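Could you walk me through a few features of this protein model?

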Amino acid sequence: MHTTDETAVEFEEVTFFYPDEEDENPGDPTRVFTDLSIRVPAGMTALVGENGIGKSSFLLLAGARLMPMSGTIRLFGRDTRDFADAPIDPSLEEERNQLASFIYQNMEFETDEAIGGLMEAVYSMGRLETRESSFLEELVEVLELKDARMKRMQELSKGQLQRAVIAFSLLYGSPIVMMDEPVFALEEAQKERVFEYLLAYCRKNGTSIMYSAHNLELSRKYSDSTLLFRKEADPIVGPTSEIFTRDNIEKAYQAPMDTLYRRDSLYRQMLLGAANS
Ligand SMILES: Nc1ncnc2c1ncn2[C@@H]1O[C@H](COP(=O)(O)OP(=O)(O)OP(=O)(O)O)[C@@H](O)[C@H]1O
Ligand SMILES: [Mg+2]
């Protein structure tokens, strides 16, 4: 059982940039992170901040999908460098996935089997000790997957696909799940329902979720902690009630609050456009 007193992810003097941004002078603004030290507690954590500020990169680093150029990242105490060879070593990849699952921003894959069968398969190969068919039924209900059950991945709508992937991630049962924009294609009411369920699920089972959702209201409502990325300063993390002040948010984005809410809906349109093209 993980509690918010426990550390889920720790960055120690982490420097990271994308290889094609290779820089000659340290401190170059194209670096995503420079000597970043931060500790993210267990529980449900929302990553909040401007487009392009580094939320996805942070999730990929924390989930051992990317490696830092220098410094150390620990995931429940485990150095993520242990998983550097995961892309070329299937058993290491599985070990990494069992520690941290990842929902990528735009997942697309084709399957021969339908969602219902895949859910059962993921559940049986996952790491949960007890398996109950009632959990499968609960997920089908909450994530509205009744119709999707009979369909294969490539036959799903974007929203159905996102809901199916969330179901897989919980069925697999890793102690932490990184979710990068996992619900942008869902209707507002569905988003609320899914996030309400995820927060309750985390609290009940001690699972941790770190997500970015590009939706300030959702992030505030459904998180124990907030990791706030700031323009021109390092990110800060803490209990959502303490971090989510108007002052903190406006400083982080260097923009007034009401324009930020408008940006959320524009961004959703953009992601949907990209997903449908
Ligand atoms: N694969 C990549 N190759 C090169 N640069 C990248 C890559 N992915 C991201 N970047 C750059 O790294 C920086 C951080 O990007 P990142 O995707 O982590 O931001 P983000 O906060 O997730 O943004 P968004 O809110 O738009 O999802 C940006 O400057 C971005 O342009
Ligand atoms: Mg992103």
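This is a predicted model: local features need pLDDT of at least 70, side-chain atom pairs count only at pLDDT 80 or more; totals for chains, interfaces and linings use all residues.

**Two helices side by side**

Let us begin with helix α3, which covers residues 115-125, and helix α5, which covers residues 158-172. Their axes lie 7 Å apart and meet at an angle of about 25°. Angles under 35 degrees count as roughly parallel, and α3 and α5 are therefore roughly parallel to each other. The crossing of this pair, α3 and α5, is right-handed.

Which residues make the contact? On the α3 side they are I115, L118, M119, V122, Y123 and M125. From α5 come A164, A167, F168, L171 and Y172.

Now look at the backbone. D35 has a positive phi although it is a residue other than glycine, and Q254, also not a glycine, has a positive phi too. The table puts their values side by side.

| Residue | Phi | Relative accessibility |
|---|---|---|
| D35 | near 45° | 47% |
| Q254 | about 50° | 45% |

Where do they sit? D35 belongs to strand β2, residues 33-41. Q254 is in the loop between α9 (246-253) and α10 (257-276).

Are they buried, exposed or partly exposed? Q254, at 45%, counts as partly exposed.

Notes. Residues are numbered from 1 along each chain as its sequence is written. Chains are lettered from A and ligands numbered from 1 in the order in which they are written. Side-chain values use heavy atoms; hydrogens and water are left out. Axes are lines fitted to C-alpha atoms, for helices over the stretch in contact, and angles run from 0 to 180 degrees between N-to-C directions. Helices (H or I, at least four residues) and strands (E, at least two) are DSSP runs, numbered from the N terminus. Angles under 35 degrees count as roughly parallel, over 145 as roughly antiparallel, 65 to 115 as roughly perpendicular and the rest as oblique. A crossing is left-handed if the near helix is turned anticlockwise from the far one by less than a right angle, and right-handed if clockwise. Contact means heavy atoms within 4.5 Å. Buried means under 20% relative accessible area, exposed over 50%, partly exposed in between (1.4 Å probe, protein chains only).
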